[in-house]
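Subject: A structure to look at

Hello,

Here is the structure I promised to hand over. Please open it first, then read my notes alongside it.

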Amino acid sequence: MVRLVFFFVCVAVTARCADQPPLFQLKQLAESGNPQAEFDYGTRIENSNPAECFTMVLRAAESGYGSAENWVGNYFTQKFTFTFDKTQQKQYRLRAILFTARAAYKNIPQAQSRLAGFYSTGDVLPKD
């Protein structure tokens, strides 16, 4: 019975990872400037290397990759929500608006919802 369960777990993990390139290949693509690879690599190393994750995803967002813009917009939204330094809070808000709006105009639902929230509360953008 234990062997059977182990077999199914191995098959499930293998099937889930089969469509993803190996991490070292993804890193090479990311370092060559491919925005989708930068985003994919960054999100795959998010737990093991948060600093490099942020750097890669930010590069992809600055290149105009929509999913990365959404991720970075969410990141800065969380930063300004939990920061009490007024100067930093303003910088985080501006960056949150910038990346969220860019992603929202690319029809990414989460970014559209976040942008609507900015307008509805009036905390970040004028209430509308």
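Which residues are linked in a network of salt bridges? They are Lys-27, Glu-31 and Glu-52. Keep in mind that this is a predicted model.

**The overall picture**

The protein chain has seven helices and zero strands. Read along the sequence, the pattern is α-α-α-α-α-α-α. The chain has 128 residues, and 33% of them are buried.

Start with Glu-52 and Lys-27. They form a salt bridge, and their closest N and O atoms are 4.0 Å apart. This pair links distant parts of the chain. Glu-52 sits in helix α4, residues 50-62, while Lys-27 sits in helix α2, residues 23-31. The two are 25 residues apart.

How open are these two side chains to the outside? Glu-52 has a relative accessible area of 22%, so it counts as partly exposed. The cut-off for buried is under 20%. Lys-27 is partly exposed as well, with a relative accessible area of 30%.

The axes of α2 and α4 come within 11 Å and cross at roughly 50°. That angle makes α2 oblique to α4. The crossing is left-handed.

Which residues meet here? From α2 come Lys-27, Ala-30 and Glu-31. From α4 come Glu-52, Met-56 and Arg-59. By class, this contact has two nonpolar, no polar and four charged residues. Glu-31 in α2 belongs to the contact, and Glu-31 is also part of the salt-bridge network with Lys-27 and Glu-52.

**Glu-69 and its two partners**

A search of the whole structure finds five salt bridges. Two of them share Glu-69.

One partner is Arg-102. The closest N and O atoms of Arg-102 and Glu-69 are 2.8 Å apart.

Is Glu-69 buried or exposed? Glu-69 has 0% relative accessibility, so it counts as buried. Arg-102 is partly exposed, with a relative accessible area of 28%.

The other partner is Lys-106. Its side chain meets that of Glu-69 in a salt bridge, at 2.8 Å from N to O. Here, too, distant parts of the chain are linked. Lys-106 lies in the loop between α6 and α7 (109-121), and Glu-69 is 37 residues away in α5. Lys-106 counts as partly exposed, at 40% relative accessibility.

**Where α5 packs on α6**

At what angle do α5 and α6 pack? The angle is about 155°, and the axes are 7 Å apart. That makes α5 roughly antiparallel to α6, because angles over 145 degrees count that way. α5 passes α6 in a left-handed crossing.

The residues of the contact divide into seven nonpolar, six polar and five charged.

Pick out Thr-77 in helix α5. Thr-77 is buried, with a relative accessible area of 13%. What does Thr-77 touch, leaving aside neighbours within four places in sequence? Its contacts are Ala-96, Thr-100, Arg-114 and Phe-118.

Last, go to the loop between α6 and α7, where Asn-107 is found. What is the phi of Asn-107 near? It is near 65°, a positive value in a residue other than glycine. Most residues other than glycine have a negative phi. Asn-107 has 60% relative accessibility, so it counts as exposed.

Best wishes

Conventions:
Residues numbered from 1 in each chain as written. Predicted model: local features only at pLDDT ≥ 70, side-chain atom pairs only at ≥ 80, totals over all residues. Heavy atoms only, no water. Helix = DSSP H or I, 4+ residues; strand = E, 2+ residues; numbered from the N terminus. Buried < 20%, exposed > 50% of the residue type's maximum accessible area, 1.4 Å probe, protein only. Axes fitted to C-alpha atoms, helices over the stretch in contact; angles between N-to-C directions. Parallel < 35°, antiparallel > 145°, perpendicular 65-115°, else oblique. Left-handed = near helix turned anticlockwise from the far one by under 90°. Contact = heavy atoms within 4.5 Å. Nonpolar A, V, L, I, M, F, W, Y, C, P; charged D, E, K, R; others polar.
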